Amino acid sequence: MIVGVPKEIYPGERRVALTPAVVPLLAKAGLEVVIETGAGERAGYPDAQYQEKGAKILAERSAVFAQSDIVTQVLCYGANDKNGANDLPLMRKGQVLVGFVRPLGSEESVQRLAKTGVSSYSVELMPRTTRAQSMDALSSMASIAGYKAVVVVADELPRIFPMMTTAAGTITPSRILVIGAGVAGLQAVATAKRLGSVVSAYDVRPAVKEQVQSLGGRFVELPLETGDAQDARGYAKAQDEAFYAKQRELLGNVIAESDAVITTAVVPGKKAPILVTEAMVKRMPPGSVILDLAAERGGNCELTRPGEKTVQHGVTIIGPINLASGAPYHASQMYAKNLQTFLQNLVQDGKVRPPESDDIIRDTLLTQNGEVVNARVRESMGLPALQVVSS
Ligand SMILES: NC(=O)c1ccc[n+]([C@@H]2O[C@H](COP(=O)([O-])OP(=O)(O)OC[C@H]3O[C@@H](n4cnc5c(N)ncnc54)[C@H](O)[C@@H]3O)[C@@H](O)[C@H]2O)c1
């Protein structure tokens, strides 16, 4: 079978779906790799490195789609809401597509993707099981984004992070608050701590308290009822507006004492909750920074403008889109490893295994034969469940 890697086309995207290192590993599983010329260039993987590892380079994007049984992308149509639709005419019925598809985002784009007839596998739908951990691209990208968020904040803040005792006096460390201590948030805590700041973190799931503390952070406890904060998959559950209002009230003081706030609080398939209001921003010291990692999902700060950096009430508010693309070499290395493991599980004896055979395949399969087939996505779209026909 042939696995194709088209160049990423989302504006500013620098990652690539497969790196040279995974090419021989895929070959062992009977998968040959073809790459659109220059696909890895911006991530630090030139064509020659792919060729050395046995991949074939193709000059035309259309040829990559035409020759591939399986197309791998970082941002497929859906996750790429800018120009991803350009790829739709290149896809064909029965072809496999693997990548970020944003399955709980726009219903219209999921339906349009389905109409091409491709069997699309969305990495966002990966089950959170031990076996699927090595294929979990969301976690890989969140780790990179959490690290990068701190680096961006450190560059923006008019202060330094660590304490310094010098002949010119003592500098007190910066106070960094991380709201949402999931994969990205914990990586932000660890990175901010390594740079010498005093780090606090807050999460609606009380289970993360120990994780924050083990990284040297202080866990902010708010007197809120959080008993049912976590769903069976380990994600935060959506709360009602009364809960969020109370949370904002209690968080206000902690935020006012912070030099920088990094927010990462998201709820799958929902708009991100507003946790930092304009009134709270006004209370922050001048020159403070807010980096809103939830910007792509509407933002945790009321004043965030997705994709922009603004200064409001003396506070710099950054709403980055696609932060993981800012460290493309390692982001691609991790993503390629996730896809390699996923493909090795998906393909057996030169054939794509059916969804009934494996929970990872079943849970990630989004569209097939012209239809949206994923049970979770169908439910969120209000579509009736499909009849399972056993063969
Ligand atoms: N294979 C696995 O078992 C596996 C894989 C990945 C992640 N996980 C676990 O799943 C959990 C969630 O991970 P994630 O980073 O993908 O989550 P996420 O990206 O969905 O959300 C980020 C964080 O924001 C928090 N949050 C949501 N609403 C909030 C609010 N109102 N106030 C404060 N915080 C709020 C969430 O609890 C979460 O910790 C983590 O504990 C992670 O370790 C398990």
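**Overall picture**

A: Buried residues make up 53% of the 391 residues in the protein chain. Keep in mind that this is a predicted model.

Q: How many helices and strands does the protein chain have?
A: The protein chain has 12 helices and 19 strands.

Q: What radius of gyration does the protein chain have, and what would a compact globule have?
A: The protein chain has 22 Å. A compact globule with 391 residues would have a radius near 21 Å, so the two agree.

Q: And what does the C-alpha trace span along its principal axes?
A: About 65 × 50 × 35 Å.

Q: What share of the accessible surface belongs to carbon and sulfur atoms?
A: That share is 52%, out of about 17200 Å² for the protein chain.

Q: Take contacts with a separation of 6 or more. What percentage comes from residues 24 or more positions apart?
A: Such residues account for 68% of those contacts.

Q: On to sheets. What is the strand order in the open sheet of eight strands?
A: The order is E3-E2-E1-E4-E5-E6-E18-E19. The pairing is mixed.

Q: Which strands are at its edges?
A: Strand E3 (56-58) and strand E19 (371-372). Each pairs on one side only.

Q: In what sense do E6 and E18 pair?
A: Antiparallel, over two bridges. Strand E6 covers residues 119-122, and strand E18 covers residues 365-368. Serine 120 has threonine 367 in E18 as its bridge partner.

Q: What about the open sheet of seven strands, what order does that have?
A: E11-E10-E9-E12-E13-E15-E14, again with mixed pairing.

Q: Why is one side of E11 and of E14 left without a neighbour in the sheet?
A: Strand E11 (218-219) and strand E14 (309-312) stand at the edges, each with a single partner strand, so one side of each has no neighbour in the sheet. E14 pairs with strand E15 (residues 315-318) in the antiparallel sense over four bridges. There, valine 311 stands opposite threonine 316 in E15.

Q: Switching to packing. Which residues of the largest nonpolar core touch the most other members?
A: Val98, Phe100, Tyr335, Phe342 and Leu343, out of 45 residues in that core.

Q: Which elements supply at least two residues of this core each?
A: Among them are strand E1 (2-5), strand E4 (70-75), strand E5 (96-100), helix H5 (137-156) and helix H10 (328-346). H10 gives the largest share, seven residues.

Q: What is valine 98 in contact with, leaving aside neighbours within four places in sequence?
A: The list includes Ile70, Val71, Tyr121, Val123, Tyr335, Leu339, Phe342 and Leu343. Thr72, Gln73 and Cys76 are also in contact with valine 98.

Q: Now some single residues. Where does glutamate 124 lie?
A: In the loop between E6 and H5.

Q: Does glutamate 124 count as buried or exposed?
A: Buried, because its relative accessibility is 16% and the cut-off for buried is under 20%.

Q: Which backbone nitrogens lie by polar atoms of its side chain?
A: The backbone nitrogen of valine 101 lies 3.0 Å from a polar atom of the glutamate 124 side chain. For the backbone nitrogen of arginine 102, the distance is 2.6 Å. Beyond four places in sequence, glutamate 124 is in contact with residues including Gly99, Phe100, Pro103 and Leu138.

Q: Which backbone oxygen lies 2.8 Å from a polar atom of its side chain?
A: That of tyrosine 329. Tyrosine 45 also touches Val16, Pro20, Tyr50 and Ser332, among others.

Q: Last one, threonine 364. Which helix is it in?
A: Helix H11. Threonine 364 is buried, with a relative accessible area of 0%. The backbone oxygen of isoleucine 360 lies 2.7 Å from a polar atom of the threonine 364 side chain.

Key
Residues numbered from 1 in each chain as written. Predicted model: local features only at pLDDT ≥ 70, side-chain atom pairs only at ≥ 80, totals over all residues. Heavy atoms only, no water. Pairing = 2+ DSSP bridges. Core = buried A, V, L, I, M, F, W, Y, C linked by side-chain atoms within 4.5 Å. Buried < 20%, exposed > 50% of the residue type's maximum accessible area, 1.4 Å probe, protein only. Contact = heavy atoms within 4.5 Å. Polar contact = N/O pair within 3.5 Å; in protein donor to acceptor, adjacent residues only side chain to side chain. Rg over C-alpha atoms; globule rule 2.2 N^0.38 Å. Areas by Shrake-Rupley, 256 points an atom, 1.4 Å probe, with all protein chains shown as cover.
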